[in-house]
Amino acid sequence: MSKDYYKILQVPQNASKDDIKKAYRKLAHQFHPDKHGGSEERFKEINEAYQVLGDDTKRQQYDQFGAVFEGARSGGGQWQGGFGFPGFDFGGEGFRGFGDFDFGDVFEDMFGGSGGARGGTKTKRGRDIQIDLEVPFAEIFAGGRHEVQIQKLTKCPHCEGVGTEPGTKLKTCTKCRGSGRLEKKQKTFLGTFSHVSVCPDCQGRGQVPEVICRDCFGKGVVRSLDRIDIVIPKGIESGELIKMSGRGEASAFGGVPGDLFVRVHVIHDGAYKRQGDDLIMLLPIKFSTAMLGGAVDISTPDGAIKLKIPEGTEHGDILKVRGKGVPSRQGYGRGDLLIEIKIETPKKLSKKAKEMVEKLKEEGV
Ligand SMILES: [Zn+2]
Ligand SMILES: [Zn+2]
């Protein structure tokens, strides 16, 4: 073999498709020519390897082909021709010319959001932000509001996101001649393909300010502290993700802002277990109460109530208090409070109590 694609992607021969993709993404990031420490040669090699190993059919052919080639060489034969992989057409524009290879997600990571170089659009979407928020247990009943402060990119107020000093104009970018993209032809042993990147001078806009904005230095965005009011709805479940559209980072030059995602963590209350809209709690009662029935004071999320224990209650019985559970997210009232009975058997009996239980035994209890 002239090149060992497995070695290039640093994966074993039996690596799964997923592992290959992961390895490719990691290495492509690491060696991307636009990055610090990047290497065009390595990047090319990595792409070449992934073009083959990332595709089931081509990978299979590559595996087979390698074996045939090695055999032919040891037999003194001569190998002729190139790799006869079907479906290779590298004449296209940028990475999109690679047929069915999935470069989309890699590009999204590299250029921050969809759009970017891939779609040829002039602006890219702002970055999404995710934050974690802890809320007290009581908010699942009453809901709540929280103000959080987030450092993020926001539209520059001085130039209103355009990047020019007010009163000045934009002019065509000379580096990319207004296209917003730079194209680099690359020759690999599988053919020639072009690598399109976002123009670094104009960030893909095709235009640059005549006079750059003094506040954002022409970027159109500035880093600032944003106060965000987060409303916690009644019935919130721990782990739920609240999406706040457009509250992520701003995008320069009129692009769509990203979204803010709030992962809500409800602080657990050890007294209750949640099951959908119902709450379950454990209630220890005395042996005598179980036999004779009675009323016990219990605390619920709505305050103390008197709970009636029916005569002859058994261990494990569940008593239901309607409408004292969690408010439904859909607005259908509340779930129930389910009380699981735990009968406490006394460990130590007084002499008198023992005599009485003996009597109960005689009664057949
Ligand atoms: Zn500005
Ligand atoms: Zn440019």
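I count two residues as in contact if their C-beta atoms, placed from the backbone, lie within 7 Å. With that criterion I looked up Ile131, which touches Val148, Ile150 and Val262, residues up to four places away in sequence not being counted.

I note that this is a predicted model, in which local features need pLDDT of at least 70, side-chain atom pairs count only at pLDDT 80 or more, and totals for chains, interfaces and linings use all residues. Residues are numbered from 1 along each chain as its sequence is written, while chains are lettered from A and ligands numbered from 1 in the order in which they are written.

**Entry: Ile131.** I found Ile131 in strand E1 (residues 129–135); helices (H or I, at least four residues) and strands (E, at least two) are DSSP runs, numbered from the N terminus. I call a residue buried if 20 or more other C-beta atoms lie within 10 Å of its own, exposed if 12 or fewer, and partly exposed in between. Ile131 is exposed, because 12 other C-beta atoms lie within 10 Å. Its C-alpha atom is separated by 7.7 Å from that of Leu260, 129 residues apart along the chain.

**Entry: the annotated cysteines.** I took from UniProt (unreviewed entry) the feature "binding site" at Cys173, Cys176, Cys199 and Cys202. These residues are spread over 30 residues of sequence, yet they cluster in space, with a largest C-alpha distance of 9.1 Å. I bear in mind that such annotations may be inferred rather than shown by experiment.

I located Cys176 in the loop between strand E3 (170–172) and strand E4 (181–188). Cys176 counts as buried because it has 22 C-beta neighbours inside 10 Å. Leaving aside neighbours within four places in sequence, its contacts include Cys199 and Cys202.

I located Cys202 in the loop between strand E5 (191–198) and strand E6 (207–209). Cys202 also counts as buried, with 26 C-beta neighbours inside 10 Å.

**Entry: nonpolar cores.** I define a nonpolar core as a set of buried Ala, Val, Leu, Ile, Met, Phe, Trp, Tyr and Cys residues joined through C-beta atoms within 7 Å. The largest has 16 residues, and Tyr5, Leu9 and Tyr24 are among those with the most contacts inside it. Helix H1 (5–9), helix H2 (17–31) and helix H3 (40–53) each give two or more residues to this core. H3 supplies the largest share, 6 residues. Apart from this core lies another, of 13 residues, including Ile129 and Val326.

**Entry: helix H9.** Just after H9, Gly364 takes a positive phi of about 85 degrees.
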